Amino acid sequence: MNFWEYVGTRHQQLLTDTYQHASAVFQCMVIATLLGVLIGVVSYRSSWGGSLAITSTSAILTIPSLAAIGLLIPLVGLGVPPTVIILTLYGLLPVVRNCIVGLRGVDPSLVDAAKGIGMSRMRRLLKVELPLAWPPILTGIRVSTQMLMGIAAIAAYASGPGLGNEIFGGLASLGSANAINKVLAGTIGIVILALLFDAAYVLLGRLTIPRGIRV
């Protein structure tokens, strides 16, 4: 059968895998964003602290994702746990780096003005610094999400959820009738998801970033 016939006969499973893939990436990005912003907020005021945060999260990306998943399987088992751990850790660097850069780039005169009207350090952070640092933070989230879309496919190696099951299934049965169709279905599904997520981030940016800051 051709590719479209394959999609037609397997659409239920493909939709399930697509939902699981999108859900895994979204949930892990939420965790990575919260952790990344927290690390950025704690470390941006210190030169060595910021360098340590960026270097540490950069070091994680030097570990091949397939090897990292293989090392986690004896510790946490198969399925969702290694998928969540890997995606969360791999999603940290762009968020941490952009959060630190964004917070350090806030105009000191604005922070001094907020201090002058009696704002506490926490209020200055929440009301002045983080809103002004939001554009680069959002860019970091977009970059992380695109990375995790591809990395999530490798989670199928550990029986993780998502479209990687189609890709690995096709690769494992190369030479059979629908092997290429499986790989194509998984790959195209991931590309479409990545484009949809990126479009959602563009819309989120338009809704949350004031026009003056965007310009």
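UniProt positions are given here in the numbering of this chain, and its annotations may be inferred rather than shown by experiment. With that in mind, the unreviewed UniProt entry lists residues 18-201 as "domain: ABC transmembrane type-1". The model itself is predicted. Over residues 18-201 the chain is 83% helix and 0% strand.

One helix pair can be followed in detail. Two packed helices are described by the angle between their axes and the distance between the axes. For helix α4 (residues 65-76) and helix α5 (residues 80-90), the axes come within 9 Å and cross at roughly 135°. Angles over 145 degrees would count as roughly antiparallel and those from 65 to 115 as roughly perpendicular, so this value falls among the oblique ones, and α4 is therefore oblique to α5. The crossing of α4 past α5 is right-handed. On the α4 side, the contact is made by Ser65, Ala68, Ile69, Leu72 and Val76. Helix α5 contributes Pro81, Pro82, Ile85, Ile86 and Tyr90. By residue class, this contact of α4 with α5 has nine nonpolar residues, one polar and no charged.

Charged side chains come in elsewhere. Side chains of opposite charge can pair when their charged atoms come close. The whole structure holds three salt bridges. One of them joins the side chains of Glu166 and Arg10, at 2.6 Å from N to O. Glu166 sits in helix α9 (residues 164-172), whereas Arg10 lies in the loop between α1 (3-9) and α2 (11-43). The two residues are 156 residues apart, and the pair thus links distant parts of the chain.

Technical notes: Residues are numbered from 1 along each chain as its sequence is written. This is a predicted model: local features need pLDDT of at least 70, side-chain atom pairs count only at pLDDT 80 or more; totals for chains, interfaces and linings use all residues. Side-chain values use heavy atoms; hydrogens and water are left out. Axes are lines fitted to C-alpha atoms, for helices over the stretch in contact, and angles run from 0 to 180 degrees between N-to-C directions. Helices (H or I, at least four residues) and strands (E, at least two) are DSSP runs, numbered from the N terminus. Angles under 35 degrees count as roughly parallel, over 145 as roughly antiparallel, 65 to 115 as roughly perpendicular and the rest as oblique. A crossing is left-handed if the near helix is turned anticlockwise from the far one by less than a right angle, and right-handed if clockwise. Contact means heavy atoms within 4.5 Å. Ala, Val, Leu, Ile, Met, Phe, Trp, Tyr, Cys and Pro count as nonpolar, Asp, Glu, Lys and Arg as charged, and the others, Gly among them, as polar. A salt bridge is a side-chain nitrogen of Lys or Arg within 4 Å of a carboxyl oxygen of Asp or Glu.
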